[in-house]
Amino acid sequence: MTVSTSAFDDTDETPEPGPEPATLIAPSLDDPLPNLGAEGVGGVMGKRARLRANVVARGTVAFMLIVLTLLTMSVGIGMREPCFQTAWTGGGQQQYTHMCYTDIPFMYQGRGFSNDQVPYVSTNQSDYLEYPVVTGAAMETAALLAQHLPGDTNNQGRWFYLITTWFLLAFACITVVALAGLNGTRRPWDAAMFALAPGLLLNATINWDLVAVGLAAVGLLAWARKKPVLAGVFIGLGTAAKLYPVLILVALVLLCWRAGKMKQWSLCLAGAVGSWLVVNLPFMIQNYQGWVYFYKFNEDRGADWGSFWLFLEYNPVHPIVFSPSRITLLFALLLAVSCVGVGLLTWLARFRPRVGQIVFLVAAAFIIFNKVYSPQYVLWLIPLAVIARPRWRDFLIWQACEVVYYGAIWLYLADLSAPTRGLPQVAYDMSIAIHLAGTIFFCVQVIRDAMDPRRDPIRMSGMDDPAGGVLDEAEDVYGFGFGSSARSEAEAETPGKALPDDAAPALT
């Protein structure tokens, strides 16, 4: 029998302390722009300040982010007050000159909702809906409520807008809460970029895009929490609201192939296909022509507002006009080439890029080469920009370009109905170029971060890929990586000690 002598040991040993709890990263210590602007709101947070990244602290930040989101959207909704009484129902230029246009009230009468027509079920072709089924379901729900409110059809159309606005407010809050967790528990304040984005203020209630944005954000959060099936379910539902969330699957397959995580990607794909079929199959079976109208509508449309193709057509030096079928072919080809390019970046980068970076680049390519660029499409990219490159300077440069385009499209439409009173075609064409240049500028910054982790704010915070889920800290299996995480490289090349988990990165 062996007798332990530890009870009789006179040595006074103090147990080694465990790692300190992680702390939230203060934007004023992390980002040069908030650092410069902090003097007007109380100054930069002290370097010795510590705010533990516990549940209470993160909950407080989430609450404040929701408040900021609601304030931003409230200002945007208030901007549409000049149109509320007459312009949406009486026509005229006011909705353009006051920049208060929205699609929502027009759809109430224009797509048969005021006549109790149900989307995808009605056999009247004039009532066919150019939106996927989840968006159609949101529209039908708002219409059913509006139909029971007093007033004529025009007044019900206004109620239709107000009810839809409440839906969009809810999805905006869902989005900002999801974003608060996508850059890791230490960087929830990055989501303030979405909450305070000029693009959100101006475009939130033009259309139903925030429904897809919220579903896509929840899908990304589920992926980050290592729940691939649930992630796929929300990505599929998002794709059934707008097409762009399916691009998340394209980005994930590029990254999962390099990391050898194709099983998890397959589960995500299965969840996406399953949820998409569940909400689409009933309408496909009941009225295929009404269901497929959305896809035919997009296939048959030509160069439309804000697009690269309209920029070529309006070019005063050498106009280039393509037929709708030719644009469809070229769009598919350019998008495929872009995805190949993003794939090469994914596989050739020294360290595997982050999920946010690759998703943003794929979605940006879709927007750049799409047949149409409605102003609200910027909402697709804002959450992806938050997880791709959380740096206010570059974000605001890009957003400034979008603000220019937002003003230009309405003034140009005003000029079409009353020439010499709005923006001429040449100036509108220039605004398209500015929008494209701003998007490409942000893409370049993201690519530079992916190629050099020392520029990446996330990795210089001491993390690898908090939105990556199974990809976070994963070793490479294929590709041309060196088999170690980018976090290790960023720490190794930081002068002095490696970055501890609770250290804020240098301002870069």
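Because the model is predicted, local features need pLDDT of at least 70 and side-chain atom pairs count only at pLDDT 80 or more, while totals for chains, interfaces and linings use all residues. Residues are numbered from 1 along each chain as its sequence is written, and side-chain values use heavy atoms, leaving out hydrogens and water.

**Stop one: the disulfide**

Select Cys83 and Cys100. A disulfide joins them, with S to S at 1.7 Å. The term means a pair of cysteine sulfur atoms within 2.5 Å. A disulfide is a covalent bond between the sulfur atoms of two cysteines. The structure holds 1 disulfide. Turn to the S-S bond of Cys83 and Cys100: its torsion is about 60°, so the disulfide is right-handed.

Cys83 lies in helix H4 (residues 81-84). Cys100 lies in the loop between helix H6 (94-97) and helix H7 (104-110), so the pair ties together parts that are 17 residues apart in sequence. Helices here are DSSP runs (H or I, at least four residues), numbered from the N terminus.

Is Cys83 buried or exposed? Cys83 is buried, at 0% relative accessible area. Buried means under 20%, exposed over 50%, partly exposed in between (1.4 Å probe, protein chains only). Cys100 is buried too, at 0%.

**Stop two: Cys268**

Select Cys268 and Cys256. The sulfur of Cys268 is 8.0 Å from its closest cysteine sulfur, in Cys256, too far for a bond. Cys268 is buried, at 0%.

**Stop three: Arg354**

Select Arg354, in the loop between helix H18 (324-348) and helix H19 (355-369). Arg354 is buried, at 1%. Its contacts (heavy atoms within 4.5 Å) include Asp456, Asp464 and Asp465, not counting residues up to four places away in sequence.

Definitions and conventions
Helix = DSSP H or I, 4+ residues; strand = E, 2+ residues; numbered from the N terminus.
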